[in-house]
Amino acid sequence: MKFFIDTANLDHILEARELGILDGVTTNPSLMAKEGISGKQQIYTHYKKICDLVEGDVSAEVISTEFEGMVKEGRELAEIAPNIVVKVPMIKDGIKAIVEFNKLNIKTNCTLVFSAGQAILAAKAGATYLSPFIGRIDDTNWDGIQLISEIYEVYSVQGYETEILAASIRNSRQIVESAKAGADIVTCPLSAILGLLKHPLTDIGLQIFLDDHKKASAKLTGQ
Ligand code: E4P
């Protein structure tokens, strides 16, 4: 399973990259706004900075909601860097745009996916990635991980090549559950990635090892 970071924060991207396990980045208009990035020029410059930081795919979302606008915007975004993936919302014109981007050899990430039916449409259209929002589904008291399992089953049976990118991840447990359910990729905030490191027995065990080593060394040197 690949790891993407879901942020537009350059420091967080760098920290995840330094871990050596980062495969890509996803952003959305809310994440860009959170970093205070606004206006076409500033947004495109920021995407370029992100693309220069990582080798893997970087999802950049279109703001247009009609076909012509999406295609124009997507073509411009794809010009920024070779690792840009155009993020397209799961709406009627979005599906048409994904078909068009396929013809243009531009990679796509179909976003705001909340059902297996939507996942089938996106795969038929030829989306490179599919982003089911598991955290937002859990927020409404439904089961986000169950959706990943259902999409995984449909894609396996049908042989669809679209990769399942589990999105809207809020914690480390959801990363583990997404892996079990068959997600190809998880995109998560830095906190959820770093949360995977944590276990109290690891910290206790390490302290014991270090203390024992120190005691044995002291015995050897007679101190
Ligand atoms: C996916 O690509 C989205 O950017 C993101 O995961 C949405 O997460 P949220 O529900 O925490 O806003």
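Tutor: Let's start with a word we'll need a lot: buried means under 20% relative accessible area, exposed means over 50%, and partly exposed is in between, using a 1.4 Å probe and protein chains only. Before we go on, this is a predicted model, where local features need pLDDT of at least 70, side-chain atom pairs count only at pLDDT 80 or more, and totals for chains, interfaces and linings use all residues. Residues are numbered from 1 along each chain as its sequence is written, and side-chain values use heavy atoms, with hydrogens and water left out.

Now the rings. Rings of Phe, Tyr and Trp (its six-membered ring) pair if their centres lie within 6.5 Å; planes under 30 degrees apart count as stacked, over 60 as edge-to-face, and the rest as tilted. That rule gives three aromatic pairs. One of them joins Phe4 and Tyr129, edge-to-face, with 5.8 Å centre to centre and 80° between the planes. Phe4 belongs to strand β1 (residues 2-6) and Tyr129 to strand β6 (residues 129-132), so this pair ties together parts 125 residues apart in sequence. Strands here are DSSP runs of E, at least two residues long, and helices are runs of H or I, at least four, both numbered from the N terminus. Phe4 is buried, at 1% relative accessible area, and Tyr129 is buried too, at 4%.

Tyr155 and Tyr160 have ring centres 5.4 Å apart and planes at 85°, so they are edge-to-face. Tyr155 is buried, with a relative accessible area of 4%, whereas Tyr160 is partly exposed at 23%.

A ring can also have a charge over it: NZ of Lys or CZ of Arg has to be within 6 Å of the ring centre and within 35 degrees of the ring normal. Here the charged end of Lys96 sits over the ring of Phe67, 5.6 Å from its centre.

On to your cysteines. A disulfide is a pair of cysteine sulfur atoms within 2.5 Å, and searching the whole structure turns up zero of them. Cys51 is in no disulfide, and its nearest cysteine sulfur, in Cys188, is 19 Å away. Cys51 is buried at 5% relative accessibility, and Cys188 is buried at 0%.

For contrast, look at Glu55, in the loop between α3 (40-53) and β3 (57-61). Glu55 is exposed, with a relative accessible area of 82%.
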